[in-house]
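Please look through the sequence and the structure shown here before reading on. The paragraphs below it are meant for a reader who is meeting this structure for the first time.

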Amino acid sequence: MITAGIDCGAKNTKTVILNDGEIVGRGSVPTGFDQAAAVKKSLEMALKNAGIKKDQLERIGGTGSGAKSIKQADVAVNEIKAIAAAANFFFPSAKTVADVGAEEGRAAKVDEKGNVVDFAMNEKCAAGAGAFIEAMSRALETPLEQLGPLALSSNNAIPMNAQCTIFAESEVVGLIHAKTEKKDISKAIHDSIAARIVSMIRRIGVNPDVVMMGGVAYNPGFVAALQRELGLEKVYIPDMPEYGAAVGAAAVAAKIGK
Amino acid sequence: MAEAQKPEYWRWLETNWVNPDIKWQEVQFITAGIDVGSVSSQAVIMADGKMFAYGNMRTGSDSPDSARNAIKFALEKTDMPESRIDYCIGTGYGRVNVPMADRSVTEIACHARGANFMYGSEVRTVLDVGGQDIKAIRCDDKGKVTNFLMNDKCAAGTGRGMEVFSDLLSVPIGEVGDRSFQIDSEPIAVSSTCVVYAKSEATGLLRKGLSTNEVLAAYCSAMADRIFSILQRVGIEPEFAITGGMAKNKGVINRLKKKIGLEPMKTEWDTQLAGGIGAALFGLALCQKGKGRVK
């Protein structure tokens, strides 16, 4: 069976094509201000990537903060359900999954079938979302993709007082003025967001194996800080982690009627 | 080609003042209170409990320097040497980093004490909206704190949040209040709590066709909501006073007033001085007990 999962997020819209439990195509475009257009474009891109026609799709699952704009969807998949299904899809041993996107973070406790047992969310505060790291990369005048590796080169734990993104911006500027090394500031930034995410995960309990998804999982500085904060040697991350929720939506769509 | 410097819309006016009627040579105790906040710093110099001089300026990246600059600024229009000060108390976010302070006192205690001086002994609820925090303080007729609540974790509703917006909308911060009322009808308040998300929401509102003034109104209203929810948790007992920089923003205060249904008390003093005044008064009390500096 071939299904598609579309995740319309705050920043990017991602589509995954699933054929009998295998990812055969992907597409991602910036969401911008026209969500419907982004959905259409990302679906077309994924279909082209998979080399199949739209009418070959059995079903389409839609998820994400912009799920209402996915008119093509046959089934609306709740975001929590999507990440739980994705965690189970990639790592059947997963008990806890966290997904951190540009503007939201969520965590779910899952059973061995990928069903949601409990969940926690943050959609109110940028301090626990990708937007935080983006703002810090601007304050530190360091490109986003260099920020994580830079943090890994530091062994100094300097505390950040600010939790709020807006206050942290001023604090980073203050640290630069105080001639603190960029790598140390970068590590403090990642420790700070990891602390926010872990406090969200703790609300549902930390049960290994822990899976991390969402665009933020690309950042090695964040992953290292997360592992430190969780006290775990390994946090499981799928390939192309930003497609996590889309994979989950496609997997849920495939399960319907079974 | 040199890039044109963007005006600093968020920058507010720095002021200093001296009381021409006070001759410091004839005063028994000169006490100073230095409030090093996260965004602004004030130095207040009092002569036997009367306002003698003050300086109010932006906090720099270094607390000790900010304290030094503030006291220098406060003394600028006087001919009194700094060494004449009998006692100095540091308060505020950077209070432990005030090099010339004999001791430090928390800003909650200082704000209540300062408000008691500025508004009179009838004040029972003090709302302080500063650069990076919101404090709701209940106090007695001596200006002693009986209960308080503070938010210093989140920029929503704080002065820094408003600075970010004045910058985003290119409106000088001193004009935000007036301009937020130059509208045909009151828009719906910005719904995002987080300032980062409120910025995106505001950009979206502009794109939808709202005027800059309407977006300012929508944000002032959101700020008033946020501040009101903190005030409610501590309970509002009259008389009620507002201190801190936000007290100067009519756009937020008039909307907040409507929600509370109470008229805030008025003062002749700069509302940003409450912490510094309280600190200077605590210093005076110590001097009067013979616990001042040994000279």
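This is a predicted model: local features need pLDDT of at least 70, side-chain atom pairs count only at pLDDT 80 or more; totals for chains, interfaces and linings use all residues.

What follows is a walk through the domains, the contact between the chains, some helix packing and a few backbone details.

The domain assignment of chain A gives domain 1, made of residues 1-91 + 240-258, and domain 2, made of residues 93-237. The C-alpha centres of domain 1 of chain A and domain 2 of chain A are 25 Å apart, and the contact between them takes 19 residues from domain 1 of chain A and 26 residues from domain 2 of chain A. On the side of domain 1 of chain A that touches domain 2 of chain A, helix 2 (79-90) and helix 8 (244-255) of chain A each supply at least two residues, and the largest share, 10 residues, comes from helix 2 of chain A. Sorted by class, the residues on this side of domain 1 of chain A are 11 nonpolar, four polar and four charged.

The next subject is the contact between the chains, in which 15 residues of chain A are in contact with 13 residues of chain B. The elements that give two or more residues to the side of chain A that touches chain B are helix 3 (130-139) and helix 5 (165-177) of chain A, and helix 5 of chain A provides the largest share, six residues. By class, the side of chain A that touches chain B contains nine nonpolar, four polar and two charged residues.

Within chain B, how do helix 5 and helix 6 of chain B pack, and at what angle? Helix 5 of chain B (residues 195-207) and helix 6 of chain B pack at an angle of about 150°, with their axes 10 Å apart. Angles over 145 degrees count as roughly antiparallel, and helix 5 of chain B and helix 6 of chain B are therefore roughly antiparallel to each other. Their crossing is right-handed. In this contact, A198(B), A202(B), L205(B) and L206(B) of helix 5 of chain B meet V215(B), A218(B), Y219(B) and A222(B) of helix 6 of chain B, and the residues divide into eight nonpolar, no polar and no charged.

Helix 5 of chain B also packs with helix 3 of chain B (residues 159-168), their axes coming within 11 Å and crossing at roughly 25°. That angle makes helix 3 of chain B roughly parallel to helix 5 of chain B, and helix 3 of chain B passes helix 5 of chain B in a right-handed crossing. The contact is made by G161(B), V164(B) and L168(B) of helix 3 of chain B together with V195(B), K199(B) and A202(B) of helix 5 of chain B, and by class it has four nonpolar, one polar and one charged residues.

Helix 6 of chain B, residues 212-234, has 23 residues and reaches 34 Å from its first C-alpha to its last, close to the 33 Å expected at 1.5 Å a residue. Just after helix 6 of chain B, G235(B) takes a positive phi of about 90°. A cis peptide bond, with omega about -5°, joins P238(B) and E239(B), and E239(B) is placed in the loop between helix 6 and strand 10 (240-243) of chain B.

Chain A has a cis peptide bond as well, from P208(A) to D209(A), with omega near 5°. D209(A) is found in the loop between helix 6 (182-202) and strand 9 (210-213) of chain A. Finally, E141(A), which lies in the loop between helix 3 and helix 4 (144-152) of chain A, has a phi near 50°, a positive value in a residue other than glycine.

Methods: Residues are numbered from 1 along each chain as its sequence is written. Chains are lettered from A and ligands numbered from 1 in the order in which they are written. Two residues are in contact if their C-beta atoms, placed from the backbone, lie within 7 Å. Helices (H or I, at least four residues) and strands (E, at least two) are DSSP runs, numbered from the N terminus. Ala, Val, Leu, Ile, Met, Phe, Trp, Tyr, Cys and Pro count as nonpolar, Asp, Glu, Lys and Arg as charged, and the others, Gly among them, as polar. The expected span of a helix is 1.5 Å times one less than its number of residues. Axes are lines fitted to C-alpha atoms, for helices over the stretch in contact, and angles run from 0 to 180 degrees between N-to-C directions. Angles under 35 degrees count as roughly parallel, over 145 as roughly antiparallel, 65 to 115 as roughly perpendicular and the rest as oblique. A crossing is left-handed if the near helix is turned anticlockwise from the far one by less than a right angle, and right-handed if clockwise. Domain bounds come from an automatic or database domain assignment.
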